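Q: Hi! Could you walk me through this one while we both have it on screen?

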Amino acid sequence: MSSKERPTLGGTRIKTRKRNIAAPLDPAAFADAVVQIYLDNAGDLELVAKSIESSDLNFSRYGDTFFEVVFTGGRTQPGTTKSDEGERHTYSVIDCEPKREAILPSVLYLQKILRRRPFLIKNLENVMRRFLQSLELFEENERKKLAVFTALTFSQKLSGLPPETVLQPLLKDNLVAKGIVLTFITDFFKEYLIDNSVDDLISLLKRGKMEDNLLAFFPSAKRSPEGFSEHFSKEGLTGLVEYNEKKIFEVKLKEMKSALTTQIAEETDISEVIETVKQRVKDAKLPDIEIVRILWDVIMDAVQWSGKNQQQNANAALRQVKTWAGLLNTFCTSGKLELELMYKVQIQCYEDAKLMKLFPEIVRSLYDQDVLAEDTILLWFRKGTNSKGRQTFVKALEPFVNWLEEAEEEE
């Protein structure tokens, strides 16, 4: 065989890349096709879902348009909620009755669609955000339908819908000022709480970063704790009112504790500390029992502990009790409050190893400083109800109690 090269055609072959020619957007044709599916199936959402599943429509390109058709029955004009030209159907969310039984089928229908096409969740977010930001363009009963729909999407745990992208857009100043947002969110809460607890609602609001900002839904004239309680009590949402009042109470306690911690750490004059407590009690209407608990916590938190030296720790704790006994005495104004203080001492001594052996000495110091009365100590000793370390502490306090009883007999 010959080893000569075979002849080839002369010249160089140049490869040219084919250009990607994008098809022009045609949302109108897509919307008309989806509307036709609704019409062909007479609005039966089971059949509509099957037809959409078997169709070759380009949902990845026209996702927003699809949800416009679901919500309003047809395509909307860009950037608005107004109907655009084209075919329409009357089986949309906006065309339903403003009742859960009428709107729930649409939510379940979308759940099926999103399971098959999870990428559409972003388009649902886009459309819901746009509609919620434009609530004033809807009629009152249409806003209620949107509120019910929104509540049901979370109640039914619609795949992947993040609450912050739905709730945050509501905080537009003009919508809030007109009271539109408050009405919407009230309808939303009432609907959501039919199937869920207040704790579930709070969890949802936390994920939506709205838990600490509920008053932002109120017009400025009604934006107060009293306005909040009055409005939602009238709407029958007492669980939400109780939660909010508890939260406000906890914030006030935290603020008071912070202020007292600073004053005690700075060794502020006791008379000034007493005035601070009295003013905060007056402003926040805090119950006496909580004041006693906070005072003890703050006083003991300020103790400068010295590692493992038990004697130094004991001296530091007793010195702190003696220094601030006048503060405790001012607010332990009844046997009930004195007993509560004893329970606080008992619990802290039980939970803190450094204080375990100091219980009788602390009680004796509080007695010497006229904070605890003899009757209170004897009541705790004979009938105390808190079980934490009780057996140990009763035994440790027994010599002091015997001394009290003997002194009483001598008198």
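Predicted model: local features only at pLDDT ≥ 70, side-chain atom pairs only at ≥ 80, totals over all residues.

Q: Good to know. Which domains is the protein divided into?

A: There is domain 1, covering 27–223, and domain 2, covering 287–409.

Q: And what distance separates their centres?

A: The centres of domain 1 and domain 2 are 59 Å apart, taken over C-alpha atoms.

Q: Let's turn to helix packing. At what angle do H6 and H9 pack?

A: H6 spans residues 140–155 and H9 spans residues 180–195, and they pack at about 40° with 8 Å between their axes. That makes the two helices oblique to each other.

Q: Is the crossing right-handed or left-handed?

A: The crossing of H6 and H9 is right-handed.

Q: Which residues make the contact?

A: On the H6 side they include Arg-143, Lys-144, Leu-146, Ala-147 and Phe-154. From H9, the contributors include Ile-180, Phe-184, Asp-187, Phe-188 and Tyr-192.

Q: How do the residues of that contact divide by type?

A: The contact of H6 with H9 has 10 nonpolar residues, two polar and five charged.

Q: Changing topic: what is the phi of Lys-209?

A: Lys-209 has a positive phi of about 60°, although this residue is not a glycine. Its place is in the loop between helix H10 (198–207) and helix H11 (225–234).

Q: Is Lys-209 buried or exposed?

A: Lys-209 is exposed, with a relative accessible area of 64%.

Q: And what about Glu-267, what's its phi?

A: Glu-267 is not a glycine either, and its phi is positive, near 55°. You'll find Glu-267 in the loop between helix H12 (238–265) and helix H13 (270–284). Its relative accessible area is 69%, so Glu-267 counts as exposed.

Q: Now some side chains in helices. Where does Gln-320 lie?

A: Gln-320 is in helix H15, residues 310–323. With a relative accessible area of 13%, Gln-320 is buried.

Q: What is Gln-320 in contact with, leaving aside its neighbours within four places in sequence?

A: With those neighbours left aside, Gln-320 is in contact with Ile-264, Ile-299, Ala-302 and Val-303.

Q: How about Lys-344, buried or exposed?

A: Lys-344 is buried, because its relative accessible area is 18% and buried means under 20%. Lys-344 lies in helix H17, which runs over residues 335–351. Leaving aside its neighbours within four places in sequence, Lys-344 is in contact with Arg-293, Trp-296 and Asp-297.

Q: And Lys-336, where is that one?

A: Lys-336 is in helix H17. This lysine, Lys-336, is exposed, with a relative accessible area of 64%.

Q: How far apart are Lys-336 and Glu-230?

A: Lys-336 and Glu-230 are 106 residues apart in sequence, and 33 Å apart in space from C-alpha to C-alpha.

Q: Last one: what is the relative accessible area of Leu-260?

A: The value for Leu-260 is 0%, so Leu-260 is buried. Leu-260 has its place in helix H12.

Definitions and conventions:
Residues numbered from 1 in each chain as written. Heavy atoms only, no water. Domains from an automatic or database assignment. Axes fitted to C-alpha atoms, helices over the stretch in contact; angles between N-to-C directions. Helix = DSSP H or I, 4+ residues; strand = E, 2+ residues; numbered from the N terminus. Parallel < 35°, antiparallel > 145°, perpendicular 65-115°, else oblique. Left-handed = near helix turned anticlockwise from the far one by under 90°. Contact = heavy atoms within 4.5 Å. Nonpolar A, V, L, I, M, F, W, Y, C, P; charged D, E, K, R; others polar. Buried < 20%, exposed > 50% of the residue type's maximum accessible area, 1.4 Å probe, protein only.
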